Amino acid sequence: MHQTFDAALGINLLHANQRGADHNRAHFDQWGITCFNLMSSPGAGKTALLEKTLAALSQDLKIAVIEGDMTTELDAERLRQYGVPVMAINTGRACHLDAKMVAGGLHQLAQEYVPAEFDLVLVENVGNLVCPAEFEVGEHAKVALLSLTEGEDKPLKYPIMFQEADCLLITKLDLAPYLDIDLARIEANVRQINPDVTLIPVSTKTGEGLDCWFSWVRSQVASQTTLRLEARPLEAKPDALIASPH
Amino acid sequence: MHETDMTRALILTVKDWWDAQTEPPRIERIHLTVGKFTCVEPVSLQFSFEVQRQGTFLAETELVIEEIPLVAFCHPCQQSYEPEIGLHYACPQCQSPMEDIRSGRELKIDRLEYCTDSTPSQAYAPNI
Ligand SMILES: Nc1nc2c(ncn2[C@@H]2O[C@H](COP(=O)(O)OP(=O)(O)OP(=O)(O)O)[C@@H](O)[C@H]2O)c(=O)[nH]1
Ligand SMILES: [Zn+2]
Ligand SMILES: [Zn+2]
Ligand SMILES: [Zn+2]
């Protein structure tokens with residue numbers, strides 16, 4: 001006789017990834033690191049933004065980069081010129097970074113450096129507007145980029161990315177005169193799905209708007225640090241908790 | 001492409017459950033609920049699953065997907081509405097942003113049907 005049982009699971013399809021993301025976040029918190037996940041379609045300007053960010057902030061903040069790229073180390077090489085550790089992760093055929101891949105980057109950071117000395121880890125995700133939004137990596141904030149050349153309708157067509165974003169950068173602002181595009185329309189489309197998102201128009205070419213982005217970064221790092229200090233009992237020293245993520 | 005990754009995520013999550021059982025059960029059916037406001041296309045997920053389950057502990061498992069519509073609730077109007085995905089998300093009456101999603105974001109393994117009789121004749125004697 002054949003008997004079938006039923007197990008009510010009610011667990012998220014991405015549970016395994018979520019567990020990994022929580023694990024990564026616990027490490028970030030123990031080390032006192034704030035982590036951002038940068039996401040956009042290919043070529044929206046993530047690496048260009050990282051270059052400007054490293055140039056402007058790496059004096060005051062100790063920054064490391066986890067760089068997701070399908071096959072090359074091109075982006076990683078561009079960023080290493082700024083004298084910060086860049087962990088390159090080749091995702092192979094995958095179209096996004098997952099928690100486990102980022103754990104690999106953290107492992108590398110923990111082996112080669114003293115992670116508790118870092119303030120900020122910037123994760124450059126693989127260029128893709130679809131699934132990176134569903135796979136958390138342990139970040140404290142999601143930063144999405146949308147370039148002016150992509151069109152006003154992208155927030156409507158790829159809503160999850162724009163809904164999940166804590167901060168949205170509208171990039172390549174310097175191209176506005178050459179394009180038939182209405183920034184107010186982009187904003188209206190975004191606000192339909194995410195009324196509270198921090199929206200910052202920038203151009204890495206002219207530098208317009210970058211100061212606003214830098215202050216957002218600084219304020220996030222400051223408020224994450226405050227949250228951590230409140231959450232952690234005074235006697236628990238971060239050093240005692242340093243172990244390589246696995 | 002991303003359904004490949006979603007399927008891998010699904011298999012890893014079910015594997016977690018499977019590994020936690022004392023006797024590895026034979027999973028016959030996985031029931032998923034997938035919201036329309038997610039990155040998952042059920043047909044592609046089915047296809048990916050059929051490819052990826054081969055040679056794994058899920059080789060004979062069937063995937064059953066229930067789709068859930070996107071429903072949002074507008075507080076100013078005190079009523080639910082179904083946003084038109086890809087076109088319009090704000091409330092059709094008052095144009096308030098879509099803030100309170102009541103369904104459509106599900107990506108859930110609802111339940112599993114399984115049996116423990118890997119050697120059926122022996123495990124359950126036909127004595128009834
Ligand atoms: N005009 C203009 N071009 C820009 C700006 N930002 C980036 N670009 C250009 O856009 C192209 C792509 O920029 P990247 O920074 O490599 O984009 P990415 O998002 O890192 O790309 P992937 O990593 O491949 O997804 C490059 O040619 C940049 O020089 C900008 O503000 N203005
Ligand atoms: Zn890049
Ligand atoms: Zn993906
Ligand atoms: Zn309304």
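**Reading the terms on a predicted two-chain model**

User: Which strands does helix 4 of chain A lie across, and at what angle to strand 4 does it run?

Analyst: Helix 4 of chain A lies across strand 3 (63-69), strand 4 and strand 5 of chain A, and its direction makes about 145 degrees with that of strand 4 of chain A. The model is a predicted one, and the angle is taken between N-to-C directions on a scale from 0 to 180 degrees.

User: What makes strand 4 and strand 8 of chain A edge strands?

Analyst: The sheet is an open one of seven strands in chain A, ordered 4-3-5-2-6-7-8 with parallel pairing. Strand 4 (86-90) and strand 8 (198-201) of chain A each pair on one side only, and they are the edge strands. Ignoring direction, neighbouring strands of this sheet are turned against each other by 20 degrees on average.

User: How do you know that strand 6 and strand 7 of chain A are paired?

Analyst: Pairing requires at least two bridges between the strands, and strand 6 (residues 141-147) and strand 7 (residues 167-171) of chain A are joined by five, running parallel. They therefore meet the criterion. In one of these bridges, A:Leu146 has A:Ile170 in strand 7 of chain A as its partner.

User: What is the span of helix 1 of chain A, and how does it compare with the expected one?

Analyst: Helix 1 of chain A covers residues 15-31, 17 residues in total, and reaches 24 Å from its first C-alpha to its last, which is close to the 24 Å expected at 1.5 Å a residue. After the helix comes A:Gly32, with a positive phi near 75 degrees.

User: Which residues of helix 1 of chain A are buried, and what covers them?

Analyst: The buried residues are A:Ala16, A:Asn17, A:Ala21, A:Asn24, A:Arg25, A:His27, A:Phe28 and A:Trp31. Their cover includes strand 2 (34-40), helix 4 (99-112), strand 5 (120-124) and helix 8 (210-231) of chain A, together with helix 1 (2-20) of chain B.

User: Which residues touch the most other members of the largest nonpolar core?

Analyst: That core has 58 residues, of which A:Leu168, B:Leu10, B:Ile27, B:Ile30 and B:Leu32 touch the most other members. Helix 1 of chain B gives the most to this core, with seven residues. Another core, of 29 residues, lies apart from it and has A:Leu57, A:Val65, A:Leu145 and A:Val202 among its members.

User: Why are A:Thr47 and A:Glu124 called buried?

Analyst: The limit for a buried residue is under 20% relative accessible area. A:Thr47 has 6% and is therefore buried, and A:Glu124, at 4%, is buried as well. Both belong to the protein donors of the zinc ion (ligand 2), which are A:Thr47 (OG1), A:Asp75 (OD) and A:Glu124 (OE) at 2.0 to 2.1 Å from it. A donor has to lie within 2.8 Å of a metal such as zinc, so these three atoms qualify. In sequence these donor residues are spaced T-x27-D-x48-E. Because A:Thr47 lies in helix 2 (residues 46-57) and A:Glu124 in strand 5 of chain A, the pair ties together parts that are 77 residues apart in sequence.

User: What are the protein donors of the zinc ion (ligand 3)?

Analyst: They are A:Cys95 (SG), A:His96 (ND1) and A:Cys131 (SG), which lie 1.8 to 2.3 Å from the ion, and their spacing along the chain is C-H-x34-C. A:His96 lies in the loop between strand 4 and helix 4 of chain A and A:Cys131 in the loop between strand 5 and strand 6 of chain A, so this pair ties together parts that are 35 residues apart in sequence. Both A:His96 and A:Cys131 are buried.

User: Why is A:Lys172 called partly exposed, and B:Gln78 exposed?

Analyst: Exposed means over 50% relative accessible area, and partly exposed lies between that limit and the one for buried residues. A:Lys172, at 28%, therefore counts as partly exposed, whereas B:Gln78 has 55% and is exposed. A:Lys172 sits in the loop between strand 7 and helix 7 (183-193) of chain A and has a positive phi of about 60 degrees although it is not a glycine. B:Gln78, in the loop between strand 3 (71-74) and strand 4 (79-81) of chain B, has a positive phi near 55 degrees. Most residues other than glycine have a negative phi.

User: How do you know that A:Ser203 is buried?

Analyst: Its relative accessible area is 0%, so A:Ser203 falls under the 20% limit. A:Ser203 lies in the loop between strand 8 and helix 8 of chain A, and, leaving aside neighbours within four places in sequence, is in contact with A:Lys172, A:Leu173, A:Asp174, A:Glu208 and A:Leu210.

Notes:
Residues numbered from 1 in each chain as written. Chains lettered and ligands numbered in written order. Predicted model: local features only at pLDDT ≥ 70, side-chain atom pairs only at ≥ 80, totals over all residues. Heavy atoms only, no water. Helix = DSSP H or I, 4+ residues; strand = E, 2+ residues; numbered from the N terminus. Expected span 1.5 Å × (residues − 1). Buried < 20%, exposed > 50% of the residue type's maximum accessible area, 1.4 Å probe, protein only. Contact = heavy atoms within 4.5 Å. Core = buried A, V, L, I, M, F, W, Y, C linked by side-chain atoms within 4.5 Å. Donors = N, O, S within 2.8 Å, 3.2 Å for Na, K, Ca; no water.
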